[in-house]
Amino acid sequence: MKNSLKYSTVFLLLFLTTPEYLYSQSGDQLFLSNCRACHTVGGGKLVGPDLKDVTTRRTEQWLLSFIKSSQTLINSGDKDAVALFNEYNKVQMPDQNLSEAQIKDILAYITKESQSASTTNVVDKGESIKHPVIGKSLAEANRDDINTGKEYFEGTIRFANGGPSCISCHNVDHADMISGGLFAIDLTLTVSRLGPTGVHAMITNPGFPAMKTSFQNNSITPEEAFYLTAFLMKANSDSEFGVVKNSSGFLFNTGLMGSAFLFIVFGGIWWDRKRKSVNHDIFKRQIKSK
Ligand code: HEC
Ligand code: HEC
């Protein structure tokens, strides 16, 4: 609890000081640091659509509004935006804290990339790709890997670059785990939403402002992302098969029993006070002095 308070403060400070530092980046750098976690250009679908030729499929005005704040456009009832949002399982594209000039730079980069990108170069969304650092695929993750991921998630093991533990913002329902922060979306079923590679991409290169600011100077290493993803895959499948023992229920119940116990003990110790309250004495005195 104390930790999450501390992190929210740190996060707030970071958040207030970041936008400046994006300003000197070019279109391809901006794309890499803001969009690549979710999009490719000609590399296939990731969390969001492949952006190859998007600048010819959509008008510039539409692209500017969508990229700046997709939810604003969707809520305004724009048909194309709503259709796209539904097609992508209502996964929200985060609002981008970018100037119009920066978005135009990104669009120019996408246009340029679209010309050279071939559509055959499709990203394998599967969990069968060997992880470059770990040397095995997510599908091969074993119990130790999953447990390491859980410990990273909870903050039992610190991240090499010192980022905040995931549990300070996110909850995951998993056996023997205390409930996590409510600040951000519950991650129990996130693998069903984004796919294992989408989750992995999101962790190594987070797209949401709140998460991004927490990790841009403390990036999660590829190994850490592997373990975290393995853990989230396990939590996801357990909960789909209904294996989850809800430990937040356990915490709540012990809390309840604990406070009931204290009420009884203190009620006993200060029984007198409860029966004849201070007010009661004052009340009697007042009546007497009448
Ligand atoms: C966290 C993931 C995420 C990030 C980061 C992200 N997007 Fe998206 N984007 C999506 C999703 C998901 C959609 C599909 C629409 C929806 O669900 O709202 C989308 C849709 C789009 C579309 C519409 C595509 C089409 O086929 O019409 C464009 C354009 C786009 N994004 C551009 C960008 C740009 C540029 C950036 C970086 C500045 C970016 N996105 C960052 C997830 C993301
Ligand atoms: C400072 C708070 C914060 C921390 C710490 C944090 N996140 Fe996030 N995360 C967010 C926010 C905010 C979102 C955007 C979704 C939302 O609005 O809740 C998000 C989104 C995500 C998503 C996309 C979820 C989806 O289904 O759309 C994943 C996956 C994720 N975080 C994983 C992690 C992991 C793993 C860690 C630990 C390494 C972590 N996060 C740490 C705030 C945080």
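At what angle do helix α8 and helix α11 pack, and how far apart are their axes?

**Entry 1: conventions.** I note that this is a predicted model, in which local features need pLDDT of at least 70 and side-chain atom pairs count only at pLDDT 80 or more, while totals for chains, interfaces and linings use all residues. Residues are numbered from 1 along each chain as its sequence is written, chains are lettered from A and ligands numbered from 1 in the order in which they are written, and side-chain values use heavy atoms, with hydrogens and water left out.

**Entry 2: α8 and α11.** I looked up helix α8 (residues 143-154) against helix α11 (residues 222-240) and found a packing angle of about 100°, with the axes 7 Å apart. Axes are lines fitted to C-alpha atoms, for helices over the stretch in contact, and angles run from 0 to 180 degrees between N-to-C directions. The two helices, α8 and α11, are therefore roughly perpendicular to each other (angles under 35 degrees count as roughly parallel, over 145 as roughly antiparallel, 65 to 115 as roughly perpendicular and the rest as oblique). From α8, D145, I146, T148, G149, K150, Y152 and F153 meet E224, F226, Y227, L228, A230, F231, L232 and K234 of α11; contact means heavy atoms within 4.5 Å. I sorted this contact by class into 9 nonpolar, 2 polar and 4 charged residues (Ala, Val, Leu, Ile, Met, Phe, Trp, Tyr, Cys and Pro count as nonpolar, Asp, Glu, Lys and Arg as charged, and the others, Gly among them, as polar).

**Entry 3: α2 and α7.** I found that the axes of α2 and α7 come within 8 Å and cross at roughly 95°. Helices α2 and α7 are therefore roughly perpendicular to each other. G27, D28, L30 and F31 of α2 make the contact with Q102, D105, I106, Y109 and I110 of α7. The residues of this contact divide into 5 nonpolar, 2 polar and 2 charged.

**Entry 4: iron of ligand 2.** I find the iron atom of ligand 2 coordinated by H170 (NE2) and M211 (SD), at 2.0 to 2.1 Å. Donors are N, O and S atoms within 2.8 Å of the metal (3.2 Å for Na, K and Ca); water is not among the atoms, so sites may look incomplete. The 6 donor atoms around this iron atom subtend angles of 85 to 178°, which makes the arrangement octahedral (six donors count as octahedral if opposite donors are over 155 degrees apart and all others between 65 and 115). H170 lies in the loop between α8 and α9 (190-204) and M211 in helix α10 (residues 209-215), 41 residues apart. H170 counts as buried at 10% relative accessibility, whereas M211 is partly exposed at 22% (buried means under 20% relative accessible area, exposed over 50%, partly exposed in between, with a 1.4 Å probe and protein chains only).

**Entry 5: iron of ligand 1.** H39 (NE2) and M93 (SD) coordinate the iron atom of ligand 1, at 2.0 to 2.2 Å. This site is octahedral, with angles of 88 to 179° among its 6 donor atoms. H39 is in the loop between α2 (27-34) and α3 (54-57) and M93 in the loop between α6 (79-87) and α7 (100-116), so the pair ties together parts 54 residues apart in sequence. I record both H39 and M93 as buried.

**Entry 6: whole chain.** I count 14 helices and 0 strands (helices, H or I, at least four residues, and strands, E, at least two, are DSSP runs, numbered from the N terminus). Buried residues make up 39% of the 290 residues in the chain.

Notes. Tetrahedral: all angles 85-135°; square planar, octahedral: opposite > 155°, others 65-115°.
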